[in-house]
Amino acid sequence: MTTEHQVAFFLRELETGDTWRRAAAAKGLGKLGDTEHAAVLVRAAADPAPEVREGAAVGLGRLGVPEAGAEVLPALMDDDDPWVRRKASLASIRLGLRDREVVDAYGRLLGDPDHHLRINALEALRELGVPGDVPALVRLLGDPAYGVWGRARAMVYDFQKDPDVEAELVRTAQWGADAARVHALWMLPDQPTDRLLPSLLRDLTDGPSTEVRCAVAFRLARVNRPETQDALFAVLEAERDPEMASQLLFLFGRSGDERLLDPASRWLSDERAGPSAASALGAVGGKTATKLLRALLTDPATPASTLAAAAKAYGEMGRWDAVWLLLPLLDHAAPKVDEGALRGLDALADPGFRPWERAAVARALVARLDVNPILVGVAERVLTGLSEALPGLRDLVDRTSSPIVRTAALSLLDPHNATDADTPHDLPLFVRHLDDTDWWVRKAAAEGITHWMQETGTLPPDEERLRDRLTALGSDPSDSVREAAAETLRALAASRRSSPRRR
């Protein structure tokens, strides 16, 4: 059947077919018809059957005649049937309609019961560069569907300098429904916060929900006024809700304010607020905080989240016994505790481990490198500069199946990081991994060779073969590998010029 015959068939079906045949004909006409058929689809948009009106909306979107779409699609976006509204909104987006009637229709769809239509409206308005119905837009910050409130939040950020949007955000932060109010408080610029201080301070203790009170606390914590900070500490002192206590302890946890000591001590045993309390104690420091954190680290009943936070905090405090309390936690059954202990050791690595701690740290972390590749970056920082780790790393680099771990092991064996008596014999290990399947490993191997020559001041054995392998890396798919290989070739040439073997 030719296109002309198909179009003629669709036109007959639209006149005489049953509901489903008329609906299918409208969609088909939009696909195969021409500009002259737009009027037929406009008439079909008034069909008493919603299935046909839906088909007409689809057809108009496919036909690509904006003028015809602008004539009927705004009305279809207000149709009683949600599928008609949905297809009409998609057709309007497809046609790129920008008329005032269309923008207003999108604004009404922001309050549609169907979350797909709320998403369509948000996408369309953002594409058009207008906020639409501003109160409806800001209300969507509290929408239960993430696909809706996430897009609404992005749009509010886009239009936050629009006076109408800013005013509605302030109004919602003060008087909106709880779910929308929470997001509005988080998004509120600092300047309007000053105007809202009296009501925010009132809501800090008498808020309609814990979520709102937590958001109010977040907003007030950014106000650098002594009276505001005093109010927050007073609330923390009397707080009985663990979620609110956790929020306040988190917000002030890095301040080191001694007023945190008593409330943090009281909340240590709570599973929800305990991690924030432990972190706050670490920032306060002193004998009492040290005693409390040490008790947490040695108590088998400490919840995993609190134990992890206490481990990190104790390491950041840099206490004399921190290494010996943290190393056993690397074997804890809960991965978060392992991470907390590792981050505590990371903090201790900055000033440097004591001579009697270095070997124990090296053994423990090399053994853990291949257990949790997600934390390899942190472990690598801790091990950098520890020559005691080098024997274990030499064994690990060929044994591990993880490219991430191989890369870290080679980087740590790089003589720029640490050396020992066996460093002069590490060259074959780097050379072997020039052919690794992972480009990060190849890059680390090339860099290791460069630094090996600079550290040892000697030419590699079988220099010509190595040069050929490095030259071959000049066609490596990775820019980084090609650059590293080129640098190694330059180092090889420099080493040859300065080597006594040249005479």
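This is a predicted model: local features need pLDDT of at least 70, side-chain atom pairs count only at pLDDT 80 or more; totals for chains, interfaces and linings use all residues.
1. Start with the pair H2 and H4. Helix H2 covers residues 19-32 and helix H4 covers residues 50-63; the two pack with their axes 7 Å apart, at an angle of about 5 degrees. Angles under 35 degrees count as roughly parallel, so H2 is roughly parallel to H4.

2. Who makes that contact? On the H2 side, the residues are Thr19, Trp20, Arg22, Ala23, Ala26, Lys27, Gly28, Leu29, Gly30 and Lys31. H4 answers with Glu51, Val52, Glu54, Gly55, Ala56, Val58, Gly59, Arg62 and Leu63. Sorted by class, the contact of H2 with H4 has eight nonpolar, six charged and five polar residues.

3. Next, have a look at H30, which runs over residues 479-498. This helix has 20 residues, and from its first C-alpha to its last it reaches 29 Å. At 1.5 Å a residue you'd expect 28 Å, so the span in the model is close to that.

4. Which residues of H30 are buried? They are Val481, Ala484, Ala485, Thr488, Ala491, Leu492 and Ser495. Looking down the axis of H30, you'll find these buried residues within an arc of 120 degrees, so they line one face of the helix. Glu483 and Arg497 sit on the other side of H30, and both are exposed.

5. What do the buried residues of H30 pack against? Their partners are two helices, H28 (439-456) and H29 (463-472).

6. Is Leu325 buried or exposed? Buried means under 20% relative accessible area, and Leu325 has 17% relative accessibility, so it counts as buried. Leaving aside residues up to four places away in sequence, Leu325 touches Arg294, Leu297, Thr298 and Tyr314.

7. Finally, pick out Thr288, which belongs to helix H19 (residues 286-298). Its relative accessible area is 43%, so Thr288 is partly exposed. Along the chain, Thr288 and Asp262 are 26 residues apart, while 9.9 Å separates their C-alpha atoms.

Definitions and conventions: Residues are numbered from 1 along each chain as its sequence is written. Side-chain values use heavy atoms; hydrogens and water are left out. Axes are lines fitted to C-alpha atoms, for helices over the stretch in contact, and angles run from 0 to 180 degrees between N-to-C directions. Helices (H or I, at least four residues) and strands (E, at least two) are DSSP runs, numbered from the N terminus. Angles under 35 degrees count as roughly parallel, over 145 as roughly antiparallel, 65 to 115 as roughly perpendicular and the rest as oblique. Contact means heavy atoms within 4.5 Å. Ala, Val, Leu, Ile, Met, Phe, Trp, Tyr, Cys and Pro count as nonpolar, Asp, Glu, Lys and Arg as charged, and the others, Gly among them, as polar. Buried means under 20% relative accessible area, exposed over 50%, partly exposed in between (1.4 Å probe, protein chains only). The arc is that of the directions from the helix axis to the C-beta atoms.
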